[in-house]
Amino acid sequence: MKITEVLETMDYGKAPESAEIAKAWIEKNNARFGLFIDGGFQFPEDREYFETSNPATEQVLASICQAQSQDVEKAMQSARASQPQWEDIGGPARAKYLYALARLMQKHARLFSVVETLDNGKPIRESRDIDIPLVIRHYYFHAGAAQLKDSEMPDQRAHGVVAQVIPWNFPLLMMAWKIAPALAMGNTVVIKPAEYTSLSALLFAEICMEAGLPKGVVNILTGDGRVGEMIISHKEADKVAFTGSTNIGRRIREATAGQGKELTLELGGKSPYIVFDDADLDSAVEGLVDAIWFNQGEVCCAGSRLFVHEGIADVFHEKLRARMDKLRIGDPLDKSVDLGSIIDSKQLKSITERVEEGLKEGGNLYVGNCQLPDSGYYYPPTLITEVDPSCQLMQEEIFGPVLVGSTFRTPDEAVALANNTQYGLATSIWTENINLALDIAPKIKCGVAWINTTNQFDASAGFGGTRESGFGREGGWEGLYSYTRPANGMTDSIVQIKPKHGESIPADIGIDRTAKQFIGGKQVRPDSGYSYPIFSSKGTQIGLVGQGNRKDIRNAVEAANLAKTWGQSTAHLRAQILYYLGENLSIRATEFAERIVDMTGEGITSARKEVELSIERIFTYAAWADKFDGATHSAPIRGLALAMNEPVGTIGIICSDDFPLLGLVSAIAPALAMGNTCVVIPSEPYPLSATDFYQVFDTSDIPAGVINLVTAKHDEIVEAISGHMDLDALWYFGSSGLTATVEKLSATNLKRTWVNHGKFRNWTDSSQAEGKEFLRQSTEIKNIWIPYGE
Amino acid sequence: MSNSASITRTPIQSSERNPGIEFDIEWALSVQANTSAIERRCNALPGRRSIKKHHQAAWLLKAISCIDLTTLSGDDTENRVRRLCQKAKHPVRKETLIGLGIDPSTIRTGAICVYHEMVEVAVSSLIGSGIPVAAVSTGFPAGLSPFSLRLREIYESVKAGAKEIDIVISRRHVLSQDWKALYEEMKAFREACGTAHIKAILATGELGTLRNVARASRICMMAGADFIKTSTGKEGTNATLPVTLTMIRQIRDYYDLTGFKVGYKPAGGISKAKDAITYLVLMKEELGNRWLEPDLFRFGASSLLGDIERQLEHYLTGHYSASHRHAIG
C-alpha cells in the first residue's frame, strides 16, 4: 500500500511483534518439553506427549509431556525432601532467590510476553504491558515478604509441600500468584500449569535453574486434569491451591475433604459493573473495555454483568455500542489489537452456545462491528442488554467477551441485583459521589471492589472471592496467611469425648428446668419434639436437652441471617455488649463452675478456672472488637487500596466437646466481635453450659438472632449444617471426627471451613485458643480500590 | 501523484459551521470527568496502537497538514514571519517527499498562527498557497484587556486578512462558575469574527479541574466555537492527553446532540513526532477518521515540524537524521 493510499484510509497497518526469538527458544528445546522435577528437566520413557498450539493460527508450537503417577510421586518426594532446608535457611536467604527470579524474568520480559501470547492468544499489548510486569512485581513483592517473614510473622510457619493447579487465562501470572508467596513463606511447590498453556511455565523452569533455586523447591508437572487430581490428592500435599472453574473447585473441595490439607480456591465469577447516573459515562464505557474485553473476557473477575441506572441507560448503551465498534480484534502479536484469540475451539464453542441458548430467553443483542480474521478462534465483543436476573445469561459465567446488562432504579436495587448471584468475586462501581461509592462497596458480596476503575491488580493487595468464587486471598499480607499456618504446636490427636451414661431419673425433684433451643432470641422447643437426657459424671440425670434436627438448623440460619445488621453496628457497640456479657457471666461464675463439675467430673478448681478464662476471653475479644484494623495497601496508584476486615457473615460453629463453656466462648466471642452472626452447636456430651448461657445472652443486650444455639448430636446434625447453602462459613472443633463430612458437604455452596483435622486444641492455652487466627477466621478481607485526583 | 486531496483539503470549509445552540446550562453541567479513569485511558493508549513503516510516514505527513505553524514572540519581525510562511509552504525537503512518493506541492501546514501585527505580512507571503492565517486575539494570552478592545482586535485581524481567529476565554468566568457570562462572551467573539473561523482557547492549565475543562468546552461549543483549543502556550501546563481526551469527548457529545462538528486544537508542548501520532490516534479512536483532517484538527506547535522531518528522513534512509539537514522556519 502506498503512502498516498494510507493518507486516504488512515489505517493503522500491521505492527507485528516478532516471534522469532520465542520460536528459537522452542527450537532449542526441539519443540519437545519434559517435566521439571527435582531441579531439572526429565524425559521419562514411555510417556505420552500432547501438542500445544497457537490458538490464533491453530499451528502446533511444541509437544508437552503428560506426567504419570510415578512422575507425581517423584516430584512430591523431591518437594518434601527439599522443604525443611528451604524453610530453615530463613526468610532473608529465600528473599535472595525470589529477588533473583524477579531480576531474571525482567531480563527476559519480552521473551516471556511473546511466548505467553503465542501459547494463549492474548494480545501482545496485554502480555507485555500487564501480565509480565505484574508477574515481575509479584516476585519482587514476595522477595520482600520473605525478607520480613521472620520478624513480622514469627508465629506463622510454612505448610510444607504445596500442590497447585492453575488455569490457562493468565498462565504465568497465575503461576506467580501461586509460587511467589508459597516460596516466600518457606513452602516447596508442585504445580501443574493448564494443558493449553504450559510453555511459559517451562520457560520459568529454566529461570529457576538459572537462579540456582535449590532442587525440589519448584516442580512443574505438565499434563491434563488427571495430573491435577493426582497432585492435589497426594498424601504429601499439605496445602492445595487452585485457580479455575467453580465446578472443578467444588470437586477439589470434595476430593481433599478430610485429608488434613489446607485449601484455597480462586474460582469463577459473574462480577457486577454498576454505573450510577452521576458517573463519568465516557470513562465508565472505557472501563468496560478493561473489564469485559480484557483478555477476551476470559477473566474470572471480568465485569460481565452491567447494571446501569435507568435514567442514563439509553445514552450509556449507545456510547458503549459506538465504543465496541472501535475495538480491533485479530492477530494477538499485532501491537494494535484489543482482542486476541479465544484459547481453544472448545471454549469458542462454549461461548457461542451459551449466547445462542441464552438469547432464547430474551435480550437485546449487539455485536461490535469489528472485522474478524478468517482463521483462529475469535469471538466478537458482544453486548446483550435487557437481560433479566432469571436468565441464564445473567446467572452463568460465559468466560468470553460477552457483556450482559440490565437497569436499576435505586442504589438498593443495584445492590440487590448485584448480589443476586452464586458468585462473589469482584465489583466495579462508577459514581462521582464518594458517599454513594463508599456505601455501596461494602454492601456487595465480593473480595475486590473497584471504584471508578476496574481490573486493577497489584502484588500488595489481596485478591480473592466469597461465596462460590472461592476462599482465600492472593497478594498482600493477607495472601501470606494462605501459605502459612500458626506455629502453635497443635500436633496431638483429639480423643473423642463420649456422653456420660446413667439412669434417666432426675437428680432432685425441684422445679423442672427445660433446656430449649435458642433461636432468634427466643427459647423454642426442638422441632423434633424429642429431648435426650444429660448425665453427670456420677451417672445421675442432670437435664434434658432438645434433639436438634435439620429444621432447627434451617430456623437458626434464617434467624441468624435476619440479624446481619449486627455486622453494621459500630465496633464500639459490639465491644460494649461483649464486656457486658463477660460481666453478666462473672455474676454467675459459681453456678457455671458447678455445672461444669457436674457434667464433666472436673474438680471445682479447674472448673472455676475455666469460667475465669471464659470471662477473660470474652474481654479479650471485646478489646479486639474495635482494634482489628484493616490496612491501606501500598499499591502503585494515586489512590487508596483499602483492605477492609468485613464479617464473614453467618458462621456455623460446632463447638469443642471438652471445655463446654470455654470452648464455646472461645469460638463465639471472636465471631461476635467481628460482626458475624452464629449458629452454634454446643458440646455434645456437655451441652448444659451453653443452654445455661442463653439466659446470659438475653440479659446482655445481644440482639435477637445474633447467637443461635441448637443442641444436637454432632454426627446427626453435621449434614444439615454443613450442606446449608445460606451459611457463609462453618467451624468444626468437635471430637467426633467429622472433619471430612464438614469439608465435603461444605462444597454445596463452597462455604469457608475451619476444622481441627482431628487435632487437639488446648482451650486453656491462649497461643492455641485465642488471637489473630480466630480473628482472621472471623473476617473476610475486601480490597477496595479508590483512585482519586482532580 | 494521484489523489492527494486529503492532505490538502482546504482548511475549515468542508463542514457546515457550528452555529451554536441556545444556552443549556443543564446539559453543560451534566458532564463528569473522572481524572484517574481518564489518565488510565491515556496511559494505556500509546501501548494499544502502534503505527509502523509507511503507515507511520503517512500519519506523519497527515500531522504536518494539521500543524498551525506558530510564532508568538515579542521579538517577531516581518522577516521572521515571512521565513515561517515559506516553511509552511515547503515544510519538508523536496527530495524527502519525492522519495516518499509524494508530490511536494501537496504538502503544506494547516495554517500560520501569529499575533495581529503580523497578520498582513503573513497574508501577503501566503498568497496563492491556500494556507490560511490565524491570529491570536482578544488580549492574548491573558484576555484581560477591555472587552470592547478585544472585540475590536478581532475586527482588525479579520480586516487584515486573518481567516481564523484564536480567542482566549475569560478564565475567571469558569473559575467563578459564571457560565452565562462565558457563553455571552464567546457568542460576542463569534459574531465579531463574521466569516472567519473561531478557535476558543480554554487555557486549560488555568481551569483547575478536568470537570471545568469539560464544562467550558461545552459552553464554548454552545456559543458557536468552530474549534476548541487547549492553551495559549503561555500557561504553566499546556496540551496534555487527559485534557485532550476530556475535550474531544465533549466534541463527540456535542456532535451527538446537534449534528455539528467542532474541531480540536491541542497547543503547546507537543514537540515530538511520536506524541503527534499519539494525538492523532486518540482523535481516530474517540472521534473517527473525519477528525484527522485539518478542518477539524490542528496542532498548535512550533518545533514539532522539525522532529517530523527527521523521522521522515529516517524512514526513507534507515538512518537517524540531524536537524541541520532541514530548513528552519
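**A strand trio in chain A**

I began with strand 27 of chain A, which pairs with strand 33 (residues 779-787) of chain A in the antiparallel sense over nine bridges. Strands here are DSSP runs (E, at least two residues) and helices are runs of H or I of at least four, numbered from the N terminus; two strands pair if DSSP finds at least two bridges between them.

His633(A) sits opposite Ala641(A) of strand 27 of chain A. Strands 26 and 27 of chain A make a hairpin, and I found five residues between them.

**Housekeeping**

I note that this is a predicted model, where local features need pLDDT of at least 70 and side-chain atom pairs count only at pLDDT 80 or more, while totals for chains, interfaces and linings use all residues. Residues are numbered from 1 along each chain as its sequence is written, and chains are lettered from A and ligands numbered from 1 in the order in which they are written.

**The two chains**

For chain A I looked up 27 helices and 33 strands. Its radius of gyration is 28 Å, close to the 28 Å of the globule rule for 790 residues, so chain A is as compact as a globular protein of that length. The radius is taken over C-alpha atoms, and the rule is 2.2 Å times the number of residues to the power 0.38. The C-alpha trace of chain A spans about 105 × 65 × 45 Å along its principal axes.

Chain B has 14 helices and eight strands. Its radius of gyration is 19 Å, close to the 20 Å that the rule gives for 329 residues, so chain B too is as compact as a globular protein of its length.

I also looked up burial (20 or more other C-beta atoms within 10 Å of a residue's own, the C-beta atoms being placed from the backbone). In chain A, 58% of the 790 residues count as buried; in chain B, buried residues make up 58% of the 329.

**Where the chains touch**

How many residues of chain A are in contact with chain B? I found 33, facing 36 residues of chain B, with contact meaning C-beta atoms, placed from the backbone, within 7 Å. Helix 1 of chain A gives the most to this side, with five residues.

Methods: A residue is buried if 20 or more other C-beta atoms lie within 10 Å of its own, exposed if 12 or fewer, and partly exposed in between; C-beta atoms are placed from the backbone. Two residues are in contact if their C-beta atoms, placed from the backbone, lie within 7 Å.
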